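Here's a quick briefing to read alongside the model. Have the viewer open and follow along topic by topic.

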Amino acid sequence: MLDPHDIELPRKILIGKGVIKNIGEVAKSIGLSGRAYVLLGKTGRNLATKDVLNSLTACGFDVVDNDVKDEEELLRHVFDTKPSFVVSVGGGMTIDLGKYAAFKLGVPFISVPTAASHDGIASPMVSLKILKTPYSIKARPPIAIIADVNVIMNAPHKLLASGCGDILAKLTAVRDWRLAHILKNEYYGEYAASLAEMSAKLVMKNARLIGAHKEEGVRVVIEALVSCGVAMCIAGSSRPCSGSEHMFSHALDMIAPKPALHGEQCGVGAIMMAYLHGIDWKRIKKTLEVIGAPTTAKELGIEDEYIIRALVEAHKIRPRYTILGDTGLTWEAAERLAKVTEVIE
Ligand SMILES: [Zn+2]
């Protein structure tokens, strides 16, 4: 039991077509005023970013914007600018950087994702190179999330598929959490766990629509990612959303010369960890295939050797008990696991 159990949640979540143009009104409606610092991701200055800047300016905010290049330099600039709130328009790194800057300044953060590629959209967690931990740390959740379906629909399918890998990973993450509860008496919250699991189940159910990049499918993924973020807010940690499959992905990020996308790696990790948990790994694999996400080392563009090494090293990534146990897998067991699940040949 967590006592007191302190839950902080986003206040406003806007999902729909063209909602990006409402950011100024949304910011006003939640009582924000003064200077807005807007971080723009590497997709650069396009129609979406113009809409954000125009809407904020039209609503009377003093807007300072900047492109994300160097993490440290940008953070310094945000701190020097002393904004009354921070906005990120972009992908995972841009959102995490804005979230972290706002957290450090003690000001609100608005998340404007341009792709549905990861569950950081609505979560309190950040993962950044400058933090020098291979896994994410806890900051605060965004006060508002503005997910424009038109903008996210236009992002490459690969990013949407990656988001689905990150969502299907909840099936093994929740199993790992339950295991840590049973074996190590770690706090386990059934509500947060169920919410994360439900997101994965909805993605499974709608896999065909998502694979065909249909609007209904894209909406399911956005809502599922937001729900996963909320699950982490409720749990007070990333536990419901990140288990052994994430540790495998974090290990790949450190080991592989050219890692794949976070969600892509987590999806492949989920296939293998599901096998270890004795749950239906074939269904996870099939779902990823239908969605168009990678299910093999080859599709990830990572050599077999790195997959095995990441499996062997995964348990050392962080002090978090999972199906990998305290001592992890041996090389032979890891190789066998990757072969049995057809991740390597
Ligand atoms: Zn993730």
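**A helix across the sheet**

Helix α4 lies across β2, β4 and β5, and its direction makes an angle of about 175° with β4. Keep in mind that this is a predicted model.

**The β-α-β unit**

- Strand β4 (residues 85-90), helix α4 (residues 92-105) and strand β5 together make a right-handed β-α-β unit.
- The strands β4 and β5 run parallel, with 5 bridges joining them.

**The whole sheet**

- Zooming out, you get an open sheet of 6 strands with parallel pairing, in the order β1-β8-β5-β4-β2-β3.
- At the edges sit β1 (12-16) and β3 (62-67), each of which pairs on one side only.
- On average, neighbouring strands in this sheet are turned by 15° against each other, ignoring direction.
- Over at β3, 6 bridges tie it to strand β2 (residues 35-40), and the two run parallel.
- Within that pairing, Leu40 stands opposite Asp67 in β3.

**Strand β5 up close**

- On its β8 side, β5 runs parallel to strand β8 (residues 144-148), and 2 bridges join them.
- Ser111 turns up again here, standing opposite Ile145 in β8.
- Is β5 buried or exposed? For strand β5 (residues 109-113), 5 of the 5 residues are buried, so the strand is largely enclosed by the rest of the structure.
- In a regular strand, side chains alternate between the two faces of the sheet.
- Both faces of β5 are covered: Phe109, Ser111 and Pro113 are buried on one side, and Ile110 and Val112 are buried on the other.

**A helix crossing: α12 and α16**

- Two packed helices are described by the angle and the distance between their axes.
- For helix α12 (residues 262-277) and helix α16 (residues 331-340), the axes come within 9 Å and cross at roughly 105°.
- Sorted by class, the contact of α12 with α16 has 6 nonpolar residues, 1 charged residue and no polar ones.

**A buried loop serine**

- Ser242 lies in the loop between α10 (215-235) and α11 (244-255).
- Its relative accessible area is 7%, so Ser242 is buried, the cut-off being under 20%.
- Leaving aside neighbours within four places in sequence, Ser242 is in contact with Ala173, Arg318 and Arg320.

- The peptide bond from Asp3 to Pro4 is cis, with omega near 0°.
- Pro4 belongs to the segment before β1.
- Asn185 isn't a glycine, yet its phi is positive, at about 60°.
- You'll find Asn185 in the loop between α7 (170-184) and α8 (190-205).
- With a relative accessible area of 64%, Asn185 is exposed.
- His213 also has a positive phi of about 60° without being a glycine.
- His213 lies in the loop between α9 (207-211) and α10.

Notes
Residues are numbered from 1 along each chain as its sequence is written. This is a predicted model: local features need pLDDT of at least 70, side-chain atom pairs count only at pLDDT 80 or more; totals for chains, interfaces and linings use all residues. Side-chain values use heavy atoms; hydrogens and water are left out. Buried means under 20% relative accessible area, exposed over 50%, partly exposed in between (1.4 Å probe, protein chains only). Helices (H or I, at least four residues) and strands (E, at least two) are DSSP runs, numbered from the N terminus. Two strands pair if DSSP finds at least two bridges between them. A crossover is right-handed if, with the strands pointing away from the viewer, the path from the first strand over the helix to the second runs clockwise. Axes are lines fitted to C-alpha atoms, for helices over the stretch in contact, and angles run from 0 to 180 degrees between N-to-C directions. Ala, Val, Leu, Ile, Met, Phe, Trp, Tyr, Cys and Pro count as nonpolar, Asp, Glu, Lys and Arg as charged, and the others, Gly among them, as polar. Contact means heavy atoms within 4.5 Å.
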